[in-house]
Amino acid sequence: MTDHSGDTAATLGGTIETRSIDYVPEDERHGKVRDQGPFWFVGNFQPFTVAIGFVGPALGLSLGWTVVAGILGIFFGTLFMAFHASQGPVLGLPQMVQSRAQFGYRGVVLALIGTLFTYVGFNVVDVVIIKSGLHSIFGWNAAVIAVVITAVATLLAIYGHDLLHLSFRVLFWLSLPLWAILTWGVVFGHAGGDAGATTGGFTLLAFIAQFSVAASYNITYAPYVSDYSRYLPRNTRTSAIVSAVFLGASASPVWLIPVGAWMATRLGATDALAGIHDAGNSVVPFLGSVLALVATLVLVATMGLNAYSGMLTVITGIDSFRKVTPSRRIRVVTVLALAAVWLVLSLLFTDSTTVLNTTLLIMLYLLVPWTAVNLTDFFFVRRGHYAITDLFTPDGLYGMWSWRGMTAFFAGIVASVPFMVLPFYVGPIAAALGDVDVAFAVGLAVSGIVYWFLSRSLDLDTEERFIEDSEAALAVEETHAHG
């Protein structure tokens, strides 16, 4: 644990957030539950979400069935994400540090690999969507766009938690009326397109693909949702934070995925920003151009979100093998390194739809076993009781390598491989099912059940004594920090 006496976690005063992977004391918990809903609403109120609605039509699914599959997938994935949010107030820690309890001080690296792929993967796709969209609309140089938006996202991530929350609040009020007008135009036939188009139909393969991509969209937020709820008071009601995050994170995709499906089927759009631009300008002159730019800002802010949590993931990984003192310098260096990686990769790709679909599916395969283990442990095994100081102790209660979590994680991945459907690989069982992808459901069930079964041998009574010692140590540290 680190002494931050004299420091501030706030960014509104112009300082860089000091905390990274360390515990947030109760007297620094300045977050509010009411901010969580709009925060996650805006996180999905952007072109990436519109592009989710392109997946079904690209595979021959009709507008109606795309909407049904997309909404069901969003509800399924958001449920897991929302329950992870409740861990932030209880523990005051980033999500992946808490995962040391299931995987071990070093064993958590297994989960960190999957989550880091998620953060970098999201930002690669985001940059591809933005640079190709703005180049198509305004003719701007794609490489320059990629560099500029990467720089902005990097600054947001460096300044941290409070600036990200402030940015999302501002963008919420900027975006809401513009999307409302566009949606009004779509519903009442003023957004252009072919109203009589009847493209697509129903195939189980396309329906499952659309469902899986939509489900993965919010499941992939699960590894970092607690990063943005850890500043909430410790006594925050679970029902309050879960419902706030679920409603916020699901409402915007339920709104925008149907808009994307409409653009794909009625406008023949294959680029989200271009579709927003064309439809918006048909409703009100220049609405599409303004909305495309505002939507870009939201997507850039979301890139900052990914970079911030990516930084926490990398620092956690380094700390697992070499003790790290949380500082501004390591935050800045880590974010800059991540930015360089996603910028280079994004310049190599041009097809946003293919990259989007494949990236989201791989994220889903990697993260579902982790989320099953983590939630099973938090809600059914340890029931939210952890020795926080031992999560920072290599030889502490949770050990270096926790065989239970690792075994369950690998079991879920191995069990799901025969069910996977990717452009470069189709599992044998998936092929026998007609290329229908149910790998995420298999991984979820297997990892959760295996972990619950293996955890029956845990000595929770002994753990309670460690928890009492941990709470006492935290109390002493907070007393010393405030003199």
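**Salt bridges, rings and a charged patch**

Reader: How far apart are the closest N and O atoms of Arg234 and Glu471?
Author: Arg234 forms a salt bridge with Glu471. The term needs a side-chain nitrogen of Lys or Arg within 4 Å of a carboxyl oxygen of Asp or Glu. For Arg234 and Glu471, the closest N and O atoms are apart by 3.0 Å.

Reader: What kind of model is this?
Author: Residues are numbered from 1 along each chain as its sequence is written, and side-chain values use heavy atoms, without hydrogens and water. Local features need pLDDT of at least 70, side-chain atom pairs count only at pLDDT 80 or more, and totals for chains, interfaces and linings use all residues, since the model is predicted.

Reader: In which helix is Glu471?
Author: The pair of Arg234 and Glu471 links distant parts of the chain, 237 residues apart. Helices are DSSP runs (H or I, at least four residues; strands are E, at least two), numbered from the N terminus. Arg234 is in the loop between H11 and H12, and Glu471 is in helix H20.

Reader: Is Arg234 buried, partly exposed or exposed?
Author: Buried means under 20% relative accessible area, exposed over 50%, and partly exposed in between (1.4 Å probe, protein chains only). Arg234 has 31% relative accessibility, so this residue counts as partly exposed.

Reader: Which residues are linked with Arg382 in a network of salt bridges?
Author: The side chains of Arg382 and Asp377 meet at 2.8 Å, N to O. Those of Glu463 and Arg382 meet at 2.9 Å. The second pair links distant parts of the chain, 81 residues apart, with Glu463 in helix H20 and Arg382 in the loop between H16 and H17. The residues linked with Arg382 are Asp377 and Glu463.

Reader: How many aromatic pairs does a search of the whole structure find?
Author: A pair of aromatic rings is described by the distance of the centres and the angle of the planes. Rings of Phe, Tyr and Trp (its six-membered ring) pair if their centres lie within 6.5 Å; planes under 30 degrees apart count as stacked, over 60 as edge-to-face and the rest as tilted. Searching the whole structure gives a count of aromatic pairs of 35.

Reader: Is the pair of Trp40 and Tyr228 stacked, tilted or edge-to-face?
Author: Both Trp40 and Tyr228 are buried. The ring centres of Trp40 and Tyr228 are 5.8 Å apart. With 80° between the planes, the pair is edge-to-face.

Reader: What is the angle between the planes of Phe41 and Phe45?
Author: Phe41 and Phe45 are both buried. They form a tilted pair, 4.7 Å centre to centre. The angle between the planes is 45°.

Reader: What is the phi of Phe286?
Author: Phe286 is in the loop between helix H13 and helix H14. At 63% relative accessibility, Phe286 is exposed. Although Phe286 is not a glycine, its phi is positive, at about 75°.

Reader: What is the phi of Arg383?
Author: Arg383 is in the loop between helix H16 and helix H17. Arg383 counts as exposed because its relative accessibility is 58%. Arg383 is not a glycine either, yet has a positive phi of about 50°.

Reader: How far apart in space are Ser416 and Gly443?
Author: Ser416 is in helix H17. Ser416 is buried, because its relative accessible area is 1%. In sequence, Ser416 and Gly443 are 27 residues apart; in space, C-alpha to C-alpha, they are apart by 5.2 Å.
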